[in-house]
Amino acid sequence: MKRNVYFVSGIDTDAGKSYATGYLARRWNSQGIRTITQKLVQTGNTGFSEDIALHRKLMRTGYTEEDEARLTMPEIFSYPASPHLASRLDNRPVDFDKIGNATRILSERYDAVLLEGAGGLMVPLTEDCLTIDYIREKGYPVILVTSGRLGSINHTLLSLEAIARRDITLYMVAYNLYPESRDTTVGDDTKRFLAGYLSGHFPDTRLVEIPVIRAD
């Protein structure tokens, strides 16, 4: 597999990683980097991934050949829960070979693949495998999505500690402005603090702002 797969994870379930994934894919495509998105495991859906649907709206591309072939959504479970529980409730295991093969095909067809996880880094995919374990095994660099919500500094620093402890490459921290807030006092200071923290602890990692754009 080419070294062009980036794993997108959030600091928690509501960090806006699907929005950030779609925005980054749109931006990279506009820069001439042919980019596709993939959902590692989709839960709470049947037949089609709502996160992939959001990506395509933000990208303004419509559904792709790879979407129709389910390469971008290889594993979908019906119950809205972490993959280890959703798979158990649907009475079938997560098929990691199927996921890995789909990612490989996408990486061969495109310049970049944005592989979106489910929730945060410590979300269990199985009883014995956390999302961060999968990332480390595959050697994917991480795009960590954070925001200016109250409490996000704590969640972000814990995620950064977990990444550093496992020697995972932190490619980017995506600072998500969606949904827009009228009071930016906490958000502005959170961005300032995180920029300083990254400068001191992850000097090679960029902090990129994800603006609010229309999805329709």
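Colleague: Where does Thr-43 lie?
Modeller: Thr-43 sits in strand S3; helices (H or I, at least four residues) and strands (E, at least two) are DSSP runs, numbered from the N terminus. This is a predicted model, with pLDDT of at least 70 needed for local features and 80 or more for side-chain atom pairs to count, while totals for chains, interfaces and linings use all residues. Residues are numbered from 1 along each chain as its sequence is written, and side-chain values use heavy atoms, leaving out hydrogens and water.

Colleague: Thanks! Is Thr-43 buried or exposed?
Modeller: Thr-43 is buried, at a relative accessible area of 14%. Buried means under 20% relative accessible area, exposed over 50%, and partly exposed in between (1.4 Å probe, protein chains only).

Colleague: And what is Thr-43 in contact with, leaving aside neighbours within four places in sequence?
Modeller: Thr-43 is in contact (heavy atoms within 4.5 Å) with Phe-77, Tyr-79, Pro-80, Ala-81, Pro-83 and Ala-86. Thr-43 and Ala-118 are also worth a look: 75 residues apart in sequence, they are 8.1 Å apart in space, C-alpha to C-alpha.

Colleague: Let's move to strand S5. How many residues of S5 are buried?
Modeller: Nine of the nine, residues 112–120, so strand S5 is largely enclosed by the rest of the structure.

Colleague: Which strands pair with S5?
Modeller: Strand S1 (residues 5–10) pairs with S5 in the parallel sense over five bridges. Strand S2 (residues 35–39) also runs parallel to S5, joined to it by five bridges. Two strands pair if DSSP finds at least two bridges between them.

Colleague: What is the relative accessible area of Leu-114?
Modeller: Leu-114, which is in strand S5, is buried with 0%. Leaving aside neighbours within four places in sequence, Leu-114 has contacts including Tyr-6, Val-8, Leu-24, Trp-28, Ile-36 and Ile-143. Leu-114 and Phe-7 are 107 residues apart in sequence but 6.0 Å apart in space, C-alpha to C-alpha.

Colleague: New topic: helix H6. Which residues of H6 are buried?
Modeller: Thr-131, Ile-132, Tyr-134 and Ile-135 are buried in H6, which covers residues 131–138. Looking down the axis of H6, those buried residues fall within an arc of 155°, so they line one face of the helix. That arc is taken over the directions from the helix axis to the C-beta atoms.

Colleague: What is on the other side of H6?
Modeller: Arg-136 and Glu-137, which are exposed.

Colleague: And what do the buried residues of H6 pack against?
Modeller: They pack against S1, helix H5 (96–109), S5, strand S6 (142–147) and helix H7 (152–165). Just after H6, Gly-139 takes a positive phi of about 75°.

Colleague: Speaking of phi, which residues have a positive phi although they are not glycines?
Modeller: Arg-70, at about 65°, and Asn-91, at about 60°, are ones to check. Arg-70 is in the loop between helix H3 (65–68) and strand S4 (76–77), and is partly exposed at 32% relative accessible area. Asn-91 is in the loop between helix H4 (83–89) and H5, and is exposed at 71%.

Colleague: Now pockets. What volume does the largest pocket have?
Modeller: About 570 Å³. On a 1 Å grid over the protein atoms alone, a pocket is an open set of points where a 1.4 Å probe fits, with protein on both sides within 12 Å along at least five of seven lines, and lining residues have an atom within 4 Å of a point. Points are joined across faces, edges and corners, and the volume is the space filled by probe spheres set on them.

Colleague: What lines the largest pocket?
Modeller: It has 28 lining residues, and Asn-176, Leu-177, Tyr-178, Pro-179 and Glu-180 lie nearest its centre. Helix H2 (50–59), strand S7 (170–176) and helix H8 (185–201) are the elements that give two or more residues to that lining. H8 gives the largest share, four residues.

Colleague: How about the second largest pocket?
Modeller: The second largest pocket holds about 280 Å³ of space. Of its 16 lining residues, Thr-13, Lys-17, Lys-39, Ala-118 and Gly-119 lie nearest the centre. Helix H1 (17–30), strand S3 (42–43), H2 and S5 each give two or more residues to this lining, with the largest share, three residues, coming from S5.
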